[in-house]
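Subject: Structure handover

Hello,

Here is the structure I promised to pass on. Please open it first, then read my notes below.

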Amino acid sequence: MKKYKIQTINEVFVPYGGLAMAGLMIHKTALPLRASSLKVPASRVKVSNADILSAYIGLLCQGRNDFDHMDIFRDEPFFMDSLQLKTIPSSATLRQRLEQLSADEKACPMVMEESAVMIQRMKGSLTPCYEKLVALDIDVSVFDNSGSHKEGIELTYQKVDGYAPIFAYLGEEGYCVGASLRKGSDHSQKDAPAFIQESIRICRRINPAQELLLRADSAHDSADTLRICHDEQVQYLIKRNPRKESPEEWLSLAKEQGIETIPREGKKVYTGSLKTFNPGINQELRLVYQITETTVAANGQLYLIPDITIDTWWTSLTAPEETVIKLYHQHATSEQFHSELKTDLDLERLPSGKFATNQLILTLGAFTYNLLRLIGLETLKKDDAPISRKNQRRRIKTVIKNMIYLAVRLVNHARSAFLKFSRYCRWFTTFNRVYEAFYAY
């Protein structure tokens, strides 16, 4: 059996060379500069706000959220240099300062605004979902924190203890333009109108002329939501809550006015639309419906009583009913974006016991998510990556593994710093191209 001899040498090798790109992108925004305006107790502040926020984003870029992971990098010169830090905080300082910064109500809006600036500066693409409309998807996701006693942990609608944050994603790329932490028991619509308005404002910070299509599920079927869409001149597609309406009456109307299709024996689907008065906003709106009558189960079992399913949507679109329904089904892509935040960035179990601190951490997570998303999208612009570029976007986990965790040798020579890659590094060409592109933006 072969045995390797294990030694240390004086040369500096770094297993996360991609932080050089992350640090560049952070400093293309005004986040470090604006962080100095956030309030913290004045006594004995040795680490700047900019260093605190940048250092934590550096952790998140590696899929780390635990404060204790900061101590791994205390004596690491590349971590400090790549993120342009003056001081690397200890884990205790990081925890304490994030708690202090979260008390400033300007902190989270500032981070989201600078995230929008980053998308704009890095020329992030915005792919429409229909004609010139770019989707703005609003959705709630459960963060399972069972077994913990953090502030705000309560029983969620999925019957687990945790949080129920609400998110807003922009475009087919899925940029996160809104992330608000909420108690687990909060209803999806609680504080949603203000959240939606703020998300629209962030979208227009990225591109003021962009036409938006707001998509949301039936939890947001509210006069307040519709009113905001009309006031902000945003197109909308919102799943309607039938509440106590009679399925039999809907089926009768659909048979009379809708178009019938038979996807299989024992199942009939009726699709159509109508104009109906909405008393909440005192206007007549378009309502698209799809009523399904099932008399035979997929396995051949006969039903004694037909099963009637009602699906209805409020929409400002004039597109055909099939197109409207297809556009709403694409809203389900939000679940993948949730997964990337929760799993790839390891943010489902937030690290602090304090609610406000976890809100700031979630917002920094959204900033990091957008940063990594932009890197992934830039790698797809040319066919020089060693893995397929057929996808519309790269998963965050793929970006972390292939663009952040790149082994490099750090060399300082002639007043310049060099990152030297192995001759066998298949990602070198792509990394070099993306880094130069972001530097030029």
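Start at threonine 312, which sits in strand 13, residues 302-315. Please bear in mind throughout that this is a predicted model. Threonine 312 has 1% relative accessibility, so it counts as buried. What is threonine 312 in contact with, leaving aside its neighbours within four places in sequence? The contacts are Ile238, Lys239, Arg240, Trp250, Leu287, Val288 and Tyr289.

Strand 13 and its partners

Two pairings of strand 13 are worth a look. Strand 9, residues 235-239, is joined to strand 13 by 3 bridges, and the two run antiparallel. Here isoleucine 238 stands opposite tryptophan 314 of strand 13. Isoleucine 238 is also one of the residues in contact with threonine 312.

The other pairing is with strand 12, residues 283-296. Strands 12 and 13 are antiparallel too, over 10 bridges. Valine 296 faces leucine 302 of strand 13. These two strands form a hairpin with 5 residues between them. Within that hairpin, glycine 300 takes a positive phi near 95°.

The chain as a whole

Some totals for orientation. The chain has 14 helices and 15 strands. Its C-alpha trace spans about 80 × 55 × 50 Å along the principal axes. There are 441 residues, and 52% of them count as buried. Take the contacts in the chain with a separation of 6 or more: residues 24 or more positions apart account for 68% of them.

Now the pairs themselves. Strand 1 is joined to strand 14 (residues 408-413) by 3 bridges. Valine 14 stands opposite valine 408 of strand 14. Strand 14 pairs with strand 15 over 6 bridges. There, valine 408 stands opposite phenylalanine 421 of strand 15.

The hairpin of strands 14 and 15 has 2 residues between the strands. One of its residues, alanine 414, takes a positive phi near 50°. Arginine 415 lies in the loop between strands 14 and 15. Its phi is positive as well, near 60°, and it is not a glycine. Is arginine 415 buried or exposed? At 89% relative accessibility, arginine 415 counts as exposed.

Other positive phi values

Most residues other than glycine have a negative phi. Glutamate 131 is a further case to check: its phi is positive, about 50°, although it is not a glycine. Glutamate 131 lies in the loop between helix 6 (107-121) and strand 2 (133-140). Its relative accessibility is 63%, so glutamate 131 counts as exposed. Aspartate 346, which follows helix 11, also has a positive phi, near 55°.

Helix 11

Helix 11 covers residues 334-344. Its buried residues are Ser334, Phe337, His338, Glu340, Leu341, Lys342 and Asp344. They pack against strand 2, strand 3 (143-144), strand 6 (166-170), helix 12 (355-379) and helix 13 (396-404).

Helices 1 and 14

Last, a helix pair. Helix 1 (residues 19-26) packs with helix 14 (residues 428-440) at an angle of about 15°, and the axes are 10 Å apart. Angles under 35 degrees count as roughly parallel. That makes helix 1 roughly parallel to helix 14. The crossing of helix 1 past helix 14 is left-handed. Helix 1 contributes Ala20, Met21, Leu24 and Met25 to the contact. Helix 14 contributes Phe431, Val434, Tyr435, Phe438 and Tyr439. How does this contact divide by class? It has 9 nonpolar residues, no polar and no charged ones.

Best wishes

Technical notes. Residues are numbered from 1 along each chain as its sequence is written. This is a predicted model: local features need pLDDT of at least 70, side-chain atom pairs count only at pLDDT 80 or more; totals for chains, interfaces and linings use all residues. Side-chain values use heavy atoms; hydrogens and water are left out. Helices (H or I, at least four residues) and strands (E, at least two) are DSSP runs, numbered from the N terminus. Buried means under 20% relative accessible area, exposed over 50%, partly exposed in between (1.4 Å probe, protein chains only). Contact means heavy atoms within 4.5 Å. Axes are lines fitted to C-alpha atoms, for helices over the stretch in contact, and angles run from 0 to 180 degrees between N-to-C directions. Angles under 35 degrees count as roughly parallel, over 145 as roughly antiparallel, 65 to 115 as roughly perpendicular and the rest as oblique. A crossing is left-handed if the near helix is turned anticlockwise from the far one by less than a right angle, and right-handed if clockwise. Ala, Val, Leu, Ile, Met, Phe, Trp, Tyr, Cys and Pro count as nonpolar, Asp, Glu, Lys and Arg as charged, and the others, Gly among them, as polar. Two strands pair if DSSP finds at least two bridges between them.
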